Amino acid sequence: QVQLVESGGGSVQAGGSRRLSCVASGDTSSHYCMGWFRQAPGKEREGIGAIYTGGRSSVHYADSVRGRFTISKGDAKNTLYLQLNGLKPEDTAMYSCAADFRPWGMSCPISPVHYNYWGQGTQVTVSS
């Protein structure tokens with residue numbers, strides 16, 4: 001079993017920034033795909049980006065956030081960050097991290113349907 005805990009959400013004005021954190025614990029001895037996702041009210045969950053925890057892997061971003069959001073791995077094992085810059089009211093959503101242990105290698109999928117382990121999420125609210 002794997003547990004994921006997100007933190008860092010809150011309220012921010014448009015144009016502001018926020019840094020979200022996700023820490024995975026449990027059976028995480030192997031490398032795996034880890035990603036960030038969000039779900040706005042009344043909308044389906046969408047992928048933001050994902051990265052393989054092993055090696056010097058690159059992040060795969062969704063086109064809708066490329067250039068404003070940055071995913072990075074923490075120095076501590078099993079930690080993932082999401083830097084949100086230039087926030088807009090339409091970025092208001094529940095942000096969640098997720099993990100999957102299937103053999104994707106460094107080609108981690110962005111679609112949330114491929115992820116089996118999820119955190120509870122952290123709410124980000126952007127006001128105009």
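**Reading rings and strands**

Student: What does tryptophan 118 count as at 23% relative accessibility?

Tutor: Tryptophan 118 counts as partly exposed. Buried means under 20% relative accessible area, exposed over 50%, and partly exposed lies in between (1.4 Å probe, protein chains only). This is a predicted model, where local features need pLDDT of at least 70 and side-chain atom pairs pLDDT 80 or more, while totals for chains, interfaces and linings use all residues. Residues are numbered from 1 along each chain, and side-chain values use heavy atoms, leaving out hydrogens and water.

Student: How many aromatic pairs are there?

Tutor: Rings of Phe, Tyr and Trp (its six-membered ring) pair if their centres lie within 6.5 Å; planes under 30 degrees apart are stacked, over 60 edge-to-face, the rest tilted. Here the count is 4. One of them joins phenylalanine 37 and tryptophan 118, tilted, with 4.8 Å between centres and 55° between planes. Phenylalanine 37 sits in strand β4 (residues 33–39) and tryptophan 118 in β10 (residues 117–118), so this pair ties together parts 81 residues apart in sequence. Phenylalanine 37 is buried, at 1% relative accessibility.

Student: Which residues do ring pairs link into a cluster?

Tutor: Tyr32, Phe101 and Tyr117. The ring centres of phenylalanine 101 and tyrosine 117 are 5.7 Å apart with planes at 90°, so that pair is edge-to-face. Phenylalanine 101 is partly exposed at 28%, and tyrosine 117 at 26%.

Student: How many helices and strands does the protein have?

Tutor: Helices (H or I, at least four residues) and strands (E, at least two) are DSSP runs, numbered from the N terminus. This protein has 0 helices and 11 strands. Of its 128 residues, 47% count as buried.
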